[in-house]
Structure formats: structure tokens, C-alpha cells
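Dear colleague,

I am handing over the structure below, and after it I set out what was found. Please read the notes with the coordinates open beside them.

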Amino acid sequence: MMAQSWFNFSNCLSPLQVVMDTIRTRLRQSTSVSLQRSVGVADDDEAAGAQRVELRFVTPEAEEEMEAGPSSDIEALMLGHRYGNRKTCVLVCACGVVLFTTAFLLAYAVLGGLCPCSKMGGQGEEDEEPGGGTKLPAEGGVGLYLGDLRVMMRRLLQDEDIFNTVSRVSRANHPPGSSEGTSLASEILGRFRQLQMDHTWTESLYATLQFPDRSQRSSLWLVDSSGQISDQIPLNPSDFCPYSATGSPTGDVVYANYGRPQDFNWLKSAGVSVVGCVVVMRVGGGVSFAEKVWLAERNGASGALIYPDPADLPQDPRRLGLNTHTAVSEHVHLGSGDPFTPGFPSFNHTQFPPIQSSGLPLIPALPISATIAAKLLSQLTGPPCPPSWRGRLPYVRCVLGPRFSSGRRVKMAVHNVMTPVLLNNVFSSLEGRVEPDQYIILGAQRDSLGPGAVKSGVGTAMLLELARTFSAMVKNGFSPRRSLLFVSWDAGDFGNVGATEWLEGYLSMLHLKAVAYFSLDQAIMGDDVLYAYSSPLLLDLVDAAIRQVEHPKHAGQTIYSQAEREGGSWRIMKPLYLNSGAYSFTAFAGVPAVELRFTEERAYPFINTPFDSASRLQEVLGGRLGVTGRRLGELVGEMVLRLAHDHILPLRITSYAQTVLQFSAQLNRHSAELQARGLSPQWVFSARGDYSRAAETLQRAIDYSDMHDQTTARSYNTRIMRVEYYFLSQYVSAVETPFRHVIHGRGDHTLSALVEHLALLTSDPERFDEKRFRRQLAFFVWTLQGAANALNGDVWSIHNTHTYTQ
């Protein structure tokens, strides 16, 4: 590159005055370029940039003119004074020295201006986008490039405090409203204030939470045929399921595996009824406690008992497992937020009468230990279980029930009380310099019914560390285009109450301002496998981040390359789930959200138990909590940087077209049955095509637009930010059906409900309800069509043709 540049400049020598003018001009230009360029630009980018500047300033005409000038002048000088005196020779030598020196300085000035040395050692590929372009400096800053910001972030991220913060948070139980919980909230508020962020504040509200009744304990008994108690089974008084119904049902016992829909369907096919029975279910299976209890209630059960099976959660204390006398606790509200203010904020219970959520269970539920489960299930008689239902309880022959061999039955009593509790959410923000009214939100649950090292400690530690890092970056010259909002949520153990109530209070504005939400809850449960529970709009952002960050357990390998070795990076991507801290943001508020989690193939057994401590987490990680936390911070930081830096938000607006396409294929398979009933899938195909075309048209317009035009960028970003919101059904009530998202939500309006109903055409045609199906199809189609219309922009850009069909 240096040889090539020297050749070009040597052919461009002009008379001395021209050369000196050129030197002065180029020095001014190179100085200006140098001041604008940041540190950390790659060698390849330098080379390309140098070539571009040469082509711009050295045209062919100029080359010929400049080439002729110096050559003829020197010849004339030599010929005219061939027999001159010694003074002429000295003058010629001096001119040669001057020309050589000026040419060298000119080359150095141009190359120096284009190739500033990196102060931070950034890698070249970090400055390039997937499309091959180079990232431009953020406006309003000091010219820092995306690659520079990455290097700065990694330099400033620290892992020393992560273990200390997790230890501090999990030193004792800290449920909402407790003195320990209040003290922790004050400490986090103080930590935020020490960072000297732009804004730091708290928001308080009252919410109705449920706790065990101190005057009357929940109990479990075995009773004989006359109802007399024959055996009392001891329970830990601190084990309970928040929002369980209270009562004392008595009944036979049925084993229902994980309590999934397919498990209850299998029981029906085997002729085993759960009506009036107490159902025993295992923890796990991809189903939350709330879903298990709801399904048991829906199938007619009178009560629910949930236990950890050794097949799912290791129960050997000598090998980092639970002891067999430990139960796992979890709330059973099929929803999120205060269940007595569904769909609207819980500001003041004295002014607004309570409205009970439809997600509150009507049957009592209790968590029990593996020891108690073995005592109950070992006495069951009835048909044998399917092989896949067999757990690892000792001395238990897996049968379904419903009767005990002794003829006895189970009686359970749940005594919980509802209590209004003052909650405190803690906020801190860094204000954006270009679009401050667009928010990138990072949040973590602060409370825990137990010590909560994983449940609340890890998220709180990562939240504070990322806040400290980005605050330090701003002090070092980073000027985020958009605002960063860091939040510590209260009452997460009761169904993300603090976060959901905040969403309900600001719902009318968040779809216009919230760019994305990053949940840090339970982010480290191991260091072997990464999962990203995400809205499809953020998948490209996740994919780009895992290609940049090193795996915490495999040095020299990125998370992406390690995942490809183990079966494919697609395994990292998972759909959002009900108990996720990110779920309400997408399913309720229409904000793209993601929850990242490092875990192990062998499940972390202590979550939601009294043994979820910092020391056990550190032991599971082999002492690598700090390293794993650092990698997690880099992952989240990568995505936050892109969202805070890029002129156009890097969200995949075409992603939902693929989801609907898969549903269209299922409709096609049932087209004959639908047409026989006078139903046409054409409406879905048409709406899907409109959405796909609108999304692709918008993406093309973005690709070919001037991204430096603030008005244009603002217009596109506004439309991109609302894509998720467009999938909230406008045809159902937010009070009765809070999770209105037709893809991620819950209810009859969702795509999953439509698919489930459609399957009845072949599995059970008599249960297929044509009127209900038409209604479901209409809700989904018009939500999708509305999203397509909104993406099109102006009404004169929309050309819908609706044909009447019988």
C-alpha cells in the first residue's frame, strides 16, 4: 500500500508553488479527517479509505498536467545551465531535496489523516456491518465508531463486583414489603445515584400479594373412608404457591406427569378421570405452575400438588442437588401483575374497586417435596404409566391411580391471605442525545421469597454493572442516540407485578417510545448453553451479538461457533414464555423483548428454593461466575450498543411473515374440510401476502434511503418501533384478555388457539365449533391486515380489494 501511494504521489509533482499549495491544502484536509476519525479503525478499512481519497484528489487530467510540468521544467533547467557554475548545481540539488521532502510529507499527511492509530486496539471487522458498509460516527458525540464503542465497553466492563453483589442480594430472604427488601431497594437507589446518571427516581404503588396465614398453617392428610384423619403429612410452613385458592378439598389421587395438555389428554384416552381428584404433577416439562393448576382445574380436579422429581432436578446434596425434603415454590396466577387490577395500573385500591383476574385459580395448590410425593404415589393403584412418565422416585411403581391400595384418600388445606403491599420500582436513565424520547430498557427482578441468588441476585448484579459501564462510557465520550433506562423491579416472584403495573400505567405511550426491553432475570444458571427467549424482531440482533462474544466456557470460540459445533445456533433461539420477565412487555405492551440465559444441560436445581445461594451458584459454575457474568454483559451490551448507536433500528420487520406462512401451510392441509363447511382460507393468505409485501417494501425503502436525513430516519424508526404493537389485537379487551398479542399472547384470539381448534377437524370433528372458528379467524386476519396497512404508511399507499365469498 505504501509503495502504491508513493508511486502515485511521485507522478504528481508540480512546480514548487503548486506543490506547497497542495501540501497546505492536504494538511488541512488530513488534519480535519484526523480530528473526525476515532480510534480503532481496521487496517483493511484504512487501505480502502486511502485508495478512495487518492481517486478523489488525483484525476487523470491532473496527472497529465502535473506530470508534464515538473519533467519539462527540470529538463530546461539542466540544459540551460549544463555549463554553469557550481552555484547552479547546488540550486538543482536543493530543489531535488525540497521536492523529495515535500512529496514525502504529502504522502505522510494523506496516509496519516486517513489512518489514525487505534488507542484501544479494536479489530477491523468490528467496524463493518453485515452489508459491508462502515458504521458512521454517532451524531452529537466525538466521532466514536461502533467498533470503538465495543472496545470501550469491553474495557470498562468488570467482573470483580458481580459475585459480591449476588452475595449481598441473596444474604437473606427479601420478599416484597419486608425490611430486607426495602433495605435492598434503598441500596440500589444509592448505587444508581453514585453513577451520576441523568435521571434517578423511584415509583411506588400498592399491589395485592398473597402470603401464608401465620395463624393457620396449610396441611396435608391421609383420611379413611369415613373422612377421619389417619395420617398427617408434615409440610414446611414457608412452602406455598402465591395466589392459590384457599380451601380443604378431599379426593382420590391421580398422577398426571408434568400436567401438560397432552398429559391430560392421554389420561382421558386411558379412561382415567381427574374429576374431583387431587392431581399430583412434576415440576418442569416446559409448563409453569400456573399452567399446570389451570389445566388441572379445567379438567375437573379439586386440588393440585406439585413436586420436584429426581429425574428433572438432581436430588443428591453431595453432587449439588436438592435434598429430598425440599419443595419448589412458584406463583399460580395465570397472568402477570396485580390479579385484582387486570389490564389497568394498581395505583390506589381505595378508589378503584378490585376486579378479579380470570387467571386466578379456583382450586387450591401446594408445593410438596419428593419424599411426600413418593409416599403418596407408592400407594396408588390403577393403569400403568407410559414409559416416558416414569420418574426416579425411590420405591415407586409408576401407575396413574386414582385410588390408594388402602382405600384412603388425600385431604389438603390451604390457608393463605391476601395483603396490600407497598412496592418500589427503582429507575435510572442516560438521556439520548439525538432521539431522547426513544427508550432502550434493561430490567431485573429485585425481590425473592428465598435467598434468590439466581432468581434476583444475578439480574440485579448485571443491571448495576451494565448501568455503571454505560455511565462510564458516556463520561468517556459515548453519545447514545437514544435513551437507556435501567430498572429494578419489585414483586417479580408474584408474577412480575412491579414491571406489569408500570407497563399498565404507561401503556398509551410506551408503544411510541420503547424500542426494546432486555430482561436480566435468571440470566446465569450455568455457563455451558445460551438460550435467547425473544421476540422474532430481535433475532438478527441476537445472532449478530453471539458472533462477537467469546463463549464463557470455551476460550477462543465465540458463542455462535460453539453452538454451530453442537448442532446449530438456531437452538439458541426460543419463544417467549409466560413466567419470563420479558413476556409482559411483548404479549401485553407490544414492545420487542428478549431474555438471555446461560445454563447447563443438567438443570440448576435450587431455583425457587431456600438453597438458591451465591455459594451454590458459584460451585455450579466452578468459580466462573465473574467470567460468565462478563460474557453476559458483553452480549447484552452488544445489542444495546446497536440500538443506541444505529441511525435505523436494526429490527427484523419481516420476521412475522414467516410465522404466518407456516400457519398458512397448515390451513392448506385442511382446505378440503374447511371448504366443505363453507370456510375459505383465502382471507389469511391475502392478509399474509399484504403484510409480507408491506414489510419488504419498507425494508427496501430503508435500504435505499439517506440515513443521515434526520426526518427520514425518524419516520422509519417510528414505523419500525410499532411493528410489535400492531400485533396486539384491537378486538379483545385488555382487562379481560391482557395478553392481546396474536402470536405470543394467550386467549381465543391467538394463532395458537386457532391452530389448536383447527386440529380438531381431523382429531375430533364433533368438537369443532364452526361459529367459534369463524370468529377466531376474523380476529386474527384483521389484526394481521391492520399490521400490513400500518406498515404501508399513508392511506393512499394501501390498495385493499375485498371480494365477497360465500
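In what follows, contact means heavy atoms within 4.5 Å. Please also bear in mind that this is a predicted model.

I begin with a pair of helices. By the contact criterion, Leu149, Met152, Met153 and Leu156 in α6 meet a set of residues in α12, namely Glu465, Arg468, Thr469, Phe470, Ala472 and Met473. Sorted by class, the contact of α6 with α12 has seven nonpolar residues, together with one polar and two charged ones. As for the geometry, helix α6 (residues 146-156) packs against helix α12 (residues 453-475) at an angle of about 130 degrees, and the axes of the two are 9 Å apart. That angle makes α6 oblique to α12, since values over 145 would count as roughly antiparallel and those from 65 to 115 as roughly perpendicular. The crossing in which α6 passes α12 is right-handed.

The next point concerns the cysteines. The structure holds one disulfide, which joins cysteine 385 to cysteine 398 with an S to S distance of 2.2 Å. The link of cysteine 385 and cysteine 398 is left-handed, with -90 degrees about the S-S bond. Both cysteine 385 and cysteine 398 lie in the loop between β9 (380-381) and β10 (403-404), so the pair ties together parts that are 13 residues apart in sequence. Cysteine 385 and cysteine 398 are both buried. Two further cysteines may be noted here: cysteine 241 is buried, with a relative accessible area of 1%, and cysteine 277 is buried as well, at 6%.

The loop between β9 and β10 also contains proline 402, and the peptide bond that leads from glycine 401 to proline 402 is cis, with omega near 20 degrees. As background to this and to the backbone angles that follow, most peptide bonds are trans, and most residues other than glycine have a negative phi.

Two residues with positive phi remain to be described. Glutamine 196, although not a glycine, has a positive phi of about 55 degrees; glutamine 196 is placed in the loop between α8 (179-194) and β1 (199-212), and because its relative accessible area is 61%, it counts as exposed. Tyrosine 243, likewise a residue other than glycine, has a positive phi near 75 degrees, and its place is in the loop between β3 (229-233) and β4 (250-251). Tyrosine 243 has 1% relative accessibility and therefore counts as buried.

Conventions:
Residues are numbered from 1 along each chain as its sequence is written. This is a predicted model: local features need pLDDT of at least 70, side-chain atom pairs count only at pLDDT 80 or more; totals for chains, interfaces and linings use all residues. Side-chain values use heavy atoms; hydrogens and water are left out. Axes are lines fitted to C-alpha atoms, for helices over the stretch in contact, and angles run from 0 to 180 degrees between N-to-C directions. Helices (H or I, at least four residues) and strands (E, at least two) are DSSP runs, numbered from the N terminus. Angles under 35 degrees count as roughly parallel, over 145 as roughly antiparallel, 65 to 115 as roughly perpendicular and the rest as oblique. A crossing is left-handed if the near helix is turned anticlockwise from the far one by less than a right angle, and right-handed if clockwise. Ala, Val, Leu, Ile, Met, Phe, Trp, Tyr, Cys and Pro count as nonpolar, Asp, Glu, Lys and Arg as charged, and the others, Gly among them, as polar. A disulfide is a pair of cysteine sulfur atoms within 2.5 Å. Buried means under 20% relative accessible area, exposed over 50%, partly exposed in between (1.4 Å probe, protein chains only).
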